Amino acid sequence: MSTPLDRYRNIGIAAHIDAGKTTVTERILFYTGVSHKIGEVHEGEAVMDWMEQERERGITITSAATTCFWKDHQINILDTPGHVDFTIEVGRSLRVLDGAVGVFCGVAGVQPQSETVWRQADRYKVPRIIFVNKLDRVGADFFKAVEDIRGKLTKNILAMQIAIGAEENFSGIIDVLSSKLHEFKDEDKGANVDVKDAPPEYSEKIKEMRQNILEKACDCDEELAEKFLEDKPISTEEIKAALRKGVANRDVVPAFCGTALKNKGIQLLLDAIIDYLPSPLDVPSIVGVDPNSDKEVERKVDPKEPFSALVFKVMTDQYVGVLNFVRVYSGQLKAGSYVYNATRDKKERVSRLIRMHSDKREEISSVSAGDIAAFVGLKEATTGDTLCDEKRPILLESIEIPDPVISTSVEPKSKLDYDKMCAGLRKLMREDPSFQFTYDKETNQTVIRGMGELHLEIIVDRLKREHSVEVDQGGLRVAYRETIQRTVKVEGKYVKQSGGRGQYGHVWLELEPLPRGEGFKFVDKIVGGSIPREFIPAVAKGVEEASKSGILGGYTAVDFQVKLYDGSFHDVDSSEMAFKVAASMAFKRGMTEASPVLLEPIMMVEVDTPEKYMGDVMGDLSSRRGRILGMEARADRQIIKAEVPLAEMLGYATSLRSMTQGRSGYSMEFECYREVPKSKQDEVLGK
């Protein structure tokens with residue numbers, strides 16, 4: 001018997017590294033009966049962290065998918081990574097979810113990666129609830145964490161519970177709406193919950209918080225507000241229904257508490273997921289474009305609608321082959337059917353359909369609107385592709401993939417393994433679009449590019465374990481960019497006469513700098529037909545290809561606009577090729593004349609250190625050309641925020657450990673590109 005759509009919950013669990021996301025998921029699987037033994041991250045036994053590297057490091061690298069059932073509801077869960085190098089995993093998971101549980105540490109509150117994840121969830125308009133975890137830890141405080149979130153992330157946060165006891169004496173949770181105290185017994189791992197009336201000394205606090213919740217619920221539902229103003233009785237169910245509407249509209253973010261490691265509060269969190277997070281029917285219908293007409297098309301979450309789905313992850317499985325993780329938005333599909341890949345204009349057969357329980361799998365005969373499942377048999381599909389009904393095509397918005405900021409060269413220890421290494425890298429690139437590899441003809445090296453040191457380290461490690469290829473790694477290199485500082489007008493003329501038909505292309509271009517992050521823009525200002533229409537795309541292509549290798553150090557040129565405003569052509573000799581070459585020549589000359597400069601990636605760095613090492617850490621960051629943005633005290637530790645060029649952060653983990661006797665940690669994420677100081681530019685370019 002399949003679950004009705006209104007009882008589906010497609011949710012993600014997302015947070016900063018080490019806030020306890022995977023432990024929360026493990027407890028959910030335990031209490032919903034998916035696993036009969038609790039898997040611990042610190043013991044390397046977590047069900048959801050199934051990769052060897054994840055178990056060794058105790059961190060999540062890939063987002064794992066699993067399905068469980070609670071109170072007649074089907075919950076599809078994606079457990080996502082917290083480390084900034086794997087941000088793509090979080091982004092592509094949020095893109096296909098209906099709701100998310102933001103997990104925060106009760107001691108640390110809002111951490112840098114929690115802000116990144118929150119911003120991504122805002123971008124994809126994902127409704128959220130919050131779980132403040134680790135309340136058994138020294139210095140943990142639920143209400144303090146709630147205020148931290150209110151100040152830094154959202155004013156709409158609403159505390160729904162009261163924690164009883166603090167730190168190691170944390171023993172139970174009062175649910176404000178029901179005024180009931182839930183106590184969890186250590187001897188049965190919290191499986192049986194004692195529910196009793198809340199102690200009388202909390203009655204004032206409960207009354208005050210309930211009033212606050214009621215007022216917020218009235219803001220979310222006009223009918224409830226009318227009832228409230230008319231002093232009519234309002235039931236708990238009505239309050240929950242109103243809040244659920246508010247969560248779906250992202251007007252309210254209810255907050256819950258507990259400690260996953262000590263098995264307290266997870267059943268209440270499961271109830272909250274069902275009570276407050278939306279089903280596929282509660283979120284807006286998916287909108288895309290018809291690839292044939294470019295008209296906007298809407299697909300309702302309904303098995304009777306034409307089939308549409310988005311591939312949000314690709315994984316290679318040693319037993320099954322390539323698995324495509326897919327979110328189905330409308331219609332249904334049986335195993336063995338054909339689907340149309342609207343992104344690639346290809347028709348493919350789905351041989352099998354699989355429901356994933358982390359790395360274990362269950363064959364299913366069909367999928368329907370609202371489902372998250374893995375498709376087997378697709379040869380061409382990759383992350384961000386739209387699968388649909390060929391007769392009623394739709395193209396959904398793809399997934400934003402960040403550009404890599406760091407690279408290194410790799411070569412196999414045995415020359416015989418070269419083909420094997422390339423095959424392995426191709427598979428890894430298909431799984432992870434934020435990873436790229438190319439062959440550099442000038443240096444005869446294979447170059448891999450990623451989002452950070454850890455990202456590349458994991459790639460090399462996976463080559464060794466999953467593809468049995470040992471590689472030697474070169475030094476880490478930063479992905480610099482080039483840009484221009486002033487506007488110039490330049491001519492590009494390509495004339496070649498040799499026996500028979502010649503080549504003729506002639507363009508006038510205006511190169512103009514753009515603000516940081518704007519990329520490359522091409523503007524066609526041709527009037528009067530000085531260049532025929534059919535050659536203009538070739539001019540844009542010529543500039544774009546030439547910009548891939550700038551004139552300072554061969555780095556990609558960015559943040560500039562090119563206006564094509566004049567030129568000439570020859571009736572016989574002009575061709576697309578000639579205009580492409582002319583545009584390329586003009587661009588190279590223009591860059592030379594427009595005061596080119598080098599740009600470097602700047603990282604937002606946050607260091608968590610004991611107070612006594614604060615001076616050393618700040619001094620060290622300043623010596624790395626870092627700009628200290630501020631400090632914040634948390635218990636006996638200091639959080640230092642700084643902007644530091646990536647080039648100065650290579651190998652930072654080791655020096656931070658030795659400087660602070662291993663007692664400090666840091667996280668960093670890409671912030672922006674900025675101009676490299678002149679002295680540093682000469683050093684980078686080897687002048």
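Helix α14 crosses α15 in a right-handed manner, meaning that the near helix is turned clockwise from the far one by less than a right angle. The model is predicted, with local features needing pLDDT of at least 70, side-chain atom pairs counting only at pLDDT 80 or more, and totals for chains, interfaces and linings using all residues. Residues are numbered from 1 along each chain as its sequence is written, and side-chain values use heavy atoms, leaving out hydrogens and water.

Helix α14 spans residues 614-623 and α15 residues 652-659. Their axes come within 10 Å and cross at roughly 150°. Therefore α14 is roughly antiparallel to α15 (an angle over 145 degrees). Axes are lines fitted to C-alpha atoms over the stretch in contact, with angles from 0 to 180 degrees between N-to-C directions. From α14, Asp 616, Val 617, Asp 620 and Leu 621 meet Tyr 652, Leu 656 and Met 659 of α15 (heavy atoms within 4.5 Å). The contact residues comprise 5 nonpolar, no polar and 2 charged.

Strand β12 covers residues 286-289. Helices (H or I, at least four residues) and strands (E, at least two) are DSSP runs. The β12 side chains alternate. Ile 286 and Gly 288 point to one face and are buried (under 20% relative accessible area, 1.4 Å probe, protein chains only).

Strand β13 (residues 296-299) pairs antiparallel with β12 over 4 bridges; pairing requires at least two DSSP bridges. Val 287 stands opposite Glu 298 of β13. The two strands form a hairpin with 6 residues between them. In the turn, Asp 294 has a positive phi of about 65°. Strand β24 (residues 395-396) also runs antiparallel to β12, joined by 2 bridges. Here Val 289 stands opposite Leu 395.

How values were computed
Angles under 35 degrees count as roughly parallel, over 145 as roughly antiparallel, 65 to 115 as roughly perpendicular and the rest as oblique. Ala, Val, Leu, Ile, Met, Phe, Trp, Tyr, Cys and Pro count as nonpolar, Asp, Glu, Lys and Arg as charged, and the others, Gly among them, as polar. Buried means under 20% relative accessible area, exposed over 50%, partly exposed in between (1.4 Å probe, protein chains only).
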